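Dear colleague,

Please find the structure below, handed over for your own work.

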Amino acid sequence: MGVYLVSVDARDWLGQHEGGHGKTAAALNEELRRRGQPPYLPGEPSGSGSGWFEEKMSPSMEGFAALCRARLTRAEEETLCGWTVLVPLFLDREIELPIGTAYADETLVAGAPQVLAIAERLAAVLGLPLDVIPATGNLALTQWFLDGEGREVAAARPGPWAEDLDTAFHAAVYLRAAQYSLRHGCPMAYS
């Protein structure tokens with residue numbers, strides 16, 4: 001159990017079945033049309049063999065929230081952390097949709113390019129060793145940070161990121177989720 005951040009495939013994004021995001025997809029496309037933008041249609045899986053994106057959001061967010069308050073404006077913090085759906089589109093501002101989820105009364109849609117830019121700044125502040133932190137793989141970040149290798153790397157490569165692995169985990173998750181969304185043309189959502 002718990003909250004997971006997952007990629008959403010085209011079938012589930014457009015689906016009206018239980019667990020599908022069809023209402024959200026339709027409402028988003030209506031708002032995009034109202035703004036004079038084309039509708040969003042998710043890409044098909046790339047066949048790169050990386051599976052899907054899934055991370056368990058179990059580590060404490062206390063340190064990450066403090067980092068965000070110290071380094072970001074309130075608007076940037078909301079863009080990075082406040083969304084319930086992330087799409088691989090440039091959005092000049094988040095889109096609020098009157099559709100409830102299991103975790104919120106409304107759906108807040110953010111653009112992956114904006115989230116990525118903010119996440120990259122936090123990764124730089126922390127000095128995240130992105131050359132060794134996994135970029136893809138199901139639960140790859142969860143396992144890396146919580147089950148061992150992250151602790152070994154932190155001991156060998158100290159820095160601000162190594163002082164609080166829970167904070168580093170959340171910074172890495174937002175960064176990798178935005179990258180994955182853009183690379184694969186798919187939305188991300190909490191499940």
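**Helix α9 and Ala178**

Ala178 is found in helix α9, which spans residues 165-184. Helices here are DSSP runs of H or I with at least four residues, strands are runs of E with at least two, and both are numbered from the N terminus.

The model is a predicted one, in which local features need pLDDT of at least 70 and side-chain atom pairs count only at pLDDT 80 or more, while totals for chains, interfaces and linings use all residues. Residues are numbered from 1 along each chain as its sequence is written, and side-chain values use heavy atoms, with hydrogens and water left out.

With a relative accessibility of 0%, Ala178 counts as buried (buried means under 20% relative accessible area, exposed over 50%, partly exposed in between, with a 1.4 Å probe and protein chains only). Leaving aside neighbours within four places in sequence, Ala178 is in contact with Leu86, Ala112, Val115 and Leu116 (contact means heavy atoms within 4.5 Å). The C-alpha atoms of Ala178 and Tyr190 are separated by 14 Å, and these residues are 12 apart along the chain.

**Two further buried positions**

Gln114 has its place in helix α5 and is buried, at a relative accessible area of 16%. Not counting residues up to four places away in sequence, Gln114 touches Thr79, Leu89, Phe90, Leu91 and Asp92.

Thr84 lies in the loop between α4 (74-81) and β3. Its relative accessibility of 13% makes Thr84 buried as well. With residues up to four places away in sequence not counted, Thr84 touches Ala104, Glu106, Thr107, Leu108, Met188, Ala189 and Tyr190.

**Helix α2**

Helix α2 covers residues 22-34, 13 residues in total, and reaches 18 Å from its first C-alpha to its last, close to the 18 Å expected at 1.5 Å a residue (the expected span is 1.5 Å times one less than the number of residues). Its buried residues are Gly22, Thr24, Ala25, Leu28, Asn29, Glu31 and Leu32. They pack against α1 (10-14), β3 (85-87), β4 (95-97) and β5 (107-111). After α2 comes Gly36, with a positive phi near 80°.

**Aromatic pairs**

The structure holds eight aromatic pairs. Rings of Phe, Tyr and Trp (its six-membered ring) pair if their centres lie within 6.5 Å; planes under 30 degrees apart count as stacked, over 60 as edge-to-face and the rest as tilted. Because Trp13 lies in helix α1 and Tyr40 in the loop between α2 and β2 (54-56), the pair ties together parts that are 27 residues apart in sequence. Trp13 is buried at 1% relative accessibility, and Tyr40 is buried with a relative accessible area of 4%. Elsewhere, Phe64, Trp83, Tyr174 and Tyr190 form one aromatic cluster.

**A positive phi at Leu139**

Most residues other than glycine have a negative phi. Leu139, a residue other than glycine, has a positive phi, near 60°. Leu139 is found in the loop between α5 (112-126) and α6 (140-146), and at 24% relative accessibility it counts as partly exposed.

**Pocket and cavity**

On a 1 Å grid over the protein atoms alone, a cavity is a set of points where a 1.4 Å probe fits but cannot get out, and a pocket is an open set with protein on both sides within 12 Å along at least five of seven lines; lining residues have an atom within 4 Å of a point. Grid points are joined across faces, edges and corners, and a volume is the space filled by probe spheres set on the points.

The largest pocket has about 300 Å³ of space. Its lining has 20 residues, of which Gly20, His21, Thr24, Gly100 and Thr101 lie nearest the centre. Both α2 and β6 (188-190) supply at least two lining residues each, and α2 gives the most, with three. By class, the pocket lining divides into six nonpolar, 13 polar and one charged (Ala, Val, Leu, Ile, Met, Phe, Trp, Tyr, Cys and Pro count as nonpolar, Asp, Glu, Lys and Arg as charged, and the others, Gly among them, as polar).

There is one cavity of 30 Å³ or more. The largest cavity holds about 30 Å³ of space and is lined by Phe53, Glu55, Pro134, Ala135, Thr136, Gly137, Ala140, Leu141 and Arg176. That lining has five nonpolar, two polar and two charged residues.

With kind regards
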